[in-house]
Amino acid sequence: MRQLLSSLSYFSIFFAPFLFPIVVWIVAQDEYIAGHAKLALFSHVFPFLAAIPLFYFFVTSHSLGSAVGFVILFFVIYGLSFVYNVVKGIQVLREYY
């Protein structure tokens, strides 16, 4: 059960990226589950935190190439975060206790 809730926190990027890890983190009595929910929440929020300076650089860029580069960089960060959540969810699900 611990692995299932912990891995669902990571897999929630498919169905409830922010809501599910917050609920699990608040409700979980087990430190293992709460720790994974906290990491999953941060990994879901990180691309949008990275988007703040990227948006500033996008707005203040003076060339089209720079603006396109910042948009591409955001999608690369978001894609890597997505892959990280899927891989981490599989790793946690395959742990044995």
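Visitor: What makes the pair Asp 30 and Arg 2 a salt bridge?
Guide: In this predicted model, the side chains of Asp 30 and Arg 2 meet at 3.0 Å, N to O. The cut-off is a side-chain nitrogen of Lys or Arg within 4 Å of a carboxyl oxygen of Asp or Glu, so the pair at 3.0 Å is a salt bridge. By this rule the count comes to one salt bridge.

Visitor: Where in the chain are Asp 30 and Arg 2?
Guide: Asp 30 is in the loop between α2 and α3, and Arg 2 is in helix α1, 28 residues apart. The pair links distant parts of the chain. Side chains of opposite charge can pair when their charged atoms come close.

Visitor: Why is Asp 30 called partly exposed?
Guide: Its relative accessibility is 24%. Buried means under 20% and exposed means over 50%, so Asp 30 at 24% falls in between. Arg 2, with a relative accessible area of 33%, is therefore partly exposed as well.

Visitor: How do you know that Ser 43 is buried?
Guide: Ser 43 has 7% relative accessibility. The limit for buried is under 20%, so Ser 43 counts as buried. Ser 43 is found in helix α3. Beyond its neighbours within four places in sequence, Ser 43 is in contact with Ser 81, Tyr 84 and Asn 85.

Visitor: What makes the pairing of Ser 43 with Asn 85 a polar contact?
Guide: The two side chains come to 2.7 Å. A polar contact needs a pair of N or O atoms within 3.5 Å, one able to donate a hydrogen and the other to accept it; the side chains of Ser 43 and Asn 85 make such a contact at 2.7 Å.

Visitor: Is His 44 buried or exposed, and how do you know?
Guide: His 44, in helix α3, has 3% relative accessibility. With buried set at under 20%, His 44 is therefore buried. Leaving aside neighbours within four places in sequence, its contacts include Ser 9, Tyr 10, Pro 17, Phe 18 and Asn 85. The backbone oxygen of Tyr 10 lies 3.5 Å from a polar atom of the His 44 side chain.

Visitor: Why does Phe 18 count as partly exposed?
Guide: Phe 18 has 35% relative accessibility. That value lies between the 20% and 50% limits, so Phe 18 counts as partly exposed. Phe 18 lies in the loop between α1 (2-11) and α2.

Visitor: Which residues make up the largest nonpolar core, and what makes it a core?
Guide: Tyr 10, Val 24, Tyr 32, Ile 33, Ala 37, Ala 40 and Val 92 make up this core. The rule asks for buried nonpolar residues joined through side-chain atoms within 4.5 Å. Helix α3 (residues 31-60) supplies the largest share, four residues. A second, separate core of five residues includes Ala 51, Leu 54, Phe 74 and Ile 77.

Technical notes: Residues numbered from 1 in each chain as written. Predicted model: local features only at pLDDT ≥ 70, side-chain atom pairs only at ≥ 80, totals over all residues. Heavy atoms only, no water. Helix = DSSP H or I, 4+ residues; strand = E, 2+ residues; numbered from the N terminus. Buried < 20%, exposed > 50% of the residue type's maximum accessible area, 1.4 Å probe, protein only. Contact = heavy atoms within 4.5 Å.
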